[in-house]
Amino acid sequence: MLSWALALWTGALLGACQIDWAPVAWLALAPLAWACARADRPAATRLGFASGAVAGAALYGLIPYGKLLYGVIVVYCGLNMALFGWATGLIAPRASTALRVALPALLWTGLEYLRRYGPISFPIMLGPTQTDLLPLWQVAAWAGGHGLSFLIALPAGLVLVRRSEWMRLSTAAMATLGVAGVLGTSWWLGAARMAADAPPGEAVPVAGVQSALENWAFRVAPVSTRHRAHNQGIFLDLTRRALRGGAKLVVWPETVVQEPLFSQGGLTRTLQELSDRFEAAVLVGAVREGSRGELYNSAVVFRPREDPIWQDKI
């Protein structure tokens, strides 16, 4: 019973850290890791699935995705964490102290990386939860967002230090100081990078344009073409106001343009004209259509007198 409670606790923490409770991400994996390390592999697999399903159910909404896709996402998150539980149950009992301490971080980071290539590439990630810790975020320049997730998952491994090892102060101290040393060194290097990479001269003025309409609301009820054009007009007016005020980068929200962006000639021409006129960049969160008709959630940047560039999320 305790093992199931711990698994569900991890699921709740993983869901909560993605929303408003970012600090719990640092220990979110600890309850599940402790439970799986003491279970056989089938039981550890079931515990992991339950934990992932709870996290997916808490994080992704039924209304935005609909019953079928919501169910698929919940099961997919459960299967990801089932692999985490299975591997923990397999490796932890026979691993060295150092490997056990690093094991949750290694497994989480590996699964997080592999999810980039799955059919649903956006289950729970730890790195984006710590946006306020700018020195630590600099790790992403060297190891990407997955390196940051590794650091966040690392403290959870301390629960896999056995009771007999905690009784030996030297082993306990080495494990604790090892984790603290990795995190402290990462923080120090990040802070040094922030100081060294401070751009010369004036800072770049940035403006954000935000709507009060959740993007899933477009799928709940039909939205007329006139209404969509009205919303885009408001965004363009606010963008002009920001550019006249001196902004050199204006950022629109994720997927604020729900239809394929480059099929809307009038909107893209206006964005490019604004970029050219004010010598500034405009970053737009939009749906982008690929060469074979596939749709991407993309960040598209309009640059002065250059072709737009983009980065796809999924």
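1. In the hairpin formed by E4 and E5, 5 residues lie between the strands, and Gly293 adopts a positive phi near 90°. The model under review is a predicted one.

2. Together with helix H12 (residues 265-278), E3 and E4 make a right-handed β-α-β unit.

3. A further parallel partner of E4 is strand E2 (residues 249-251), to which 3 bridges join it. In this case Leu249 stands opposite Ala281 in E4.

4. How many of the 9 residues of strand E4 (residues 281-289) are buried? The number is 7, so the strand is largely enclosed by the rest of the structure.

5. A separate point concerns Cys17, which is placed in helix H1 (residues 2-17). Is Cys17 buried or exposed? Its relative accessibility is 2%, and because buried means under 20%, Cys17 counts as buried.

6. Leaving aside residues up to four places away in sequence, Cys17 touches Ala22, Val24, Ala25, Leu126 and Thr129. As for Pro128, 111 residues separate it from Cys17 in sequence, while the C-alpha to C-alpha distance between Cys17 and Pro128 is 9.7 Å.

Terms used
Residues are numbered from 1 along each chain as its sequence is written. This is a predicted model: local features need pLDDT of at least 70, side-chain atom pairs count only at pLDDT 80 or more; totals for chains, interfaces and linings use all residues. Side-chain values use heavy atoms; hydrogens and water are left out. Helices (H or I, at least four residues) and strands (E, at least two) are DSSP runs, numbered from the N terminus. Buried means under 20% relative accessible area, exposed over 50%, partly exposed in between (1.4 Å probe, protein chains only). Contact means heavy atoms within 4.5 Å. Two strands pair if DSSP finds at least two bridges between them. A crossover is right-handed if, with the strands pointing away from the viewer, the path from the first strand over the helix to the second runs clockwise.
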